[in-house]
Amino acid sequence: MEPTPISSSLDSRPSLRDIHSINAQHLLSRPESYEGRERQCISDVRRTFCLFVTFDLLFVSLLWIIELNVNGGIMNQIVKEVVQIDYYSTFFDIFLLAAFRFIVLILVYALLKVRHWWAVAVTTAVSSIYLVVKVSLSKITSQVPFGYLLPIMSFILAWIETWFLDFKVLPQELEENRYRLVQDASERDVLIRPGPNSDGLFYSPPESVIDSDEETEEKHDEEKPLK
């Protein structure tokens, strides 16, 4: 028995279940992208910046510990530089300066996730001014080699942090945010815009095949001549 035109047209129309399944597959096809955005609370380049800030503190601390050990033992020098602190001959304040940079930058850019350069500008300016004054007034430059090494390394690391945030972190995050907004807009447009197979979503149901057969039989009965 050949299929009637009505049944073939019914088979060709997309059902509501098919359309909803298509939308569900469209949503489920990108679960990793949505989950990745929710889980990734901090960007990769910002994480690298925070690691460099941590390296700054650890490197200055290591140099300071070496200086303590070279100049007569760690415990004796800690008492001399920390307890009996002398601004003109101690390196402990340079360690505190590195700790200051670490606390401020991690708090602002890792915990608060601020997208501005003001915090790193403040830490670099304070570090630069303090180190210039320290080298100019103190006697640490006579303590070779750490008299030159610690202030210079602290100065360089502070400016590298400024350069890295201003030229790497902030521009790259801005580009990522723009790309994410464009991608979200395109995905919403795909979900809202009806697809090529969604024309049959709203239509009046055609007459059933059974009813049409009964009507044709009644017409044939009416057309039969009366004997």
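Asp44 and Arg47 both belong to helix 4 (residues 44-70), where three residues, about one turn of the helix, separate them. Helices here are DSSP runs of H or I with at least four residues, numbered from the N terminus. The two side chains form a salt bridge, with 2.8 Å between the closest N and O atoms; the term denotes a side-chain nitrogen of Lys or Arg within 4 Å of a carboxyl oxygen of Asp or Glu. By this rule, five salt bridges are counted. The model is predicted, and local features need pLDDT of at least 70, side-chain atom pairs count only at pLDDT 80 or more, and totals for chains, interfaces and linings use all residues. Residues are numbered from 1 along each chain as its sequence is written, and side-chain values use heavy atoms, without hydrogens and water.

Helix 4 also packs against helix 5 (residues 74-83), at an angle of about 110° and with the axes 7 Å apart. Axes are lines fitted to C-alpha atoms over the stretch in contact, and angles run from 0 to 180 degrees between N-to-C directions. The two helices are therefore roughly perpendicular (65 to 115 degrees). Contact (heavy atoms within 4.5 Å) involves Trp64, Ile65, Glu67, Leu68 and Asn69 of helix 4 and Ile74, Gln77, Ile78, Glu81 and Val82 of helix 5.

Helix 6 (residues 92-111) and helix 7 (residues 118-137) have axes that come within 9 Å and cross at roughly 175°. Helix 6 is thus roughly antiparallel to helix 7 (over 145 degrees). Residues of this contact include Phe100 and Leu105 of helix 6 and Trp118 and Tyr130 of helix 7.

A nonpolar patch on the surface is formed by Val132, Tyr148, Ile152, Phe155, Ile156, Trp159, Ile160, Trp163 and Phe167, with about 900 Å² of accessible area together. Such patches join nonpolar side chains (Val, Leu, Ile, Met, Phe, Trp, Tyr) within 5 Å, from residues with over 30% relative accessible area and no salt bridge. Accessible areas come from the Shrake-Rupley method with a 1.4 Å probe. Helix 8 (residues 146-192) supplies the largest share of the patch, eight residues, and Tyr148 lies in helix 8.

Note on methods
Parallel < 35°, antiparallel > 145°, perpendicular 65-115°, else oblique. Patch = residues over 30% accessible without salt bridge, like charges linked within 9 Å, V, L, I, M, F, W, Y side chains within 5 Å.
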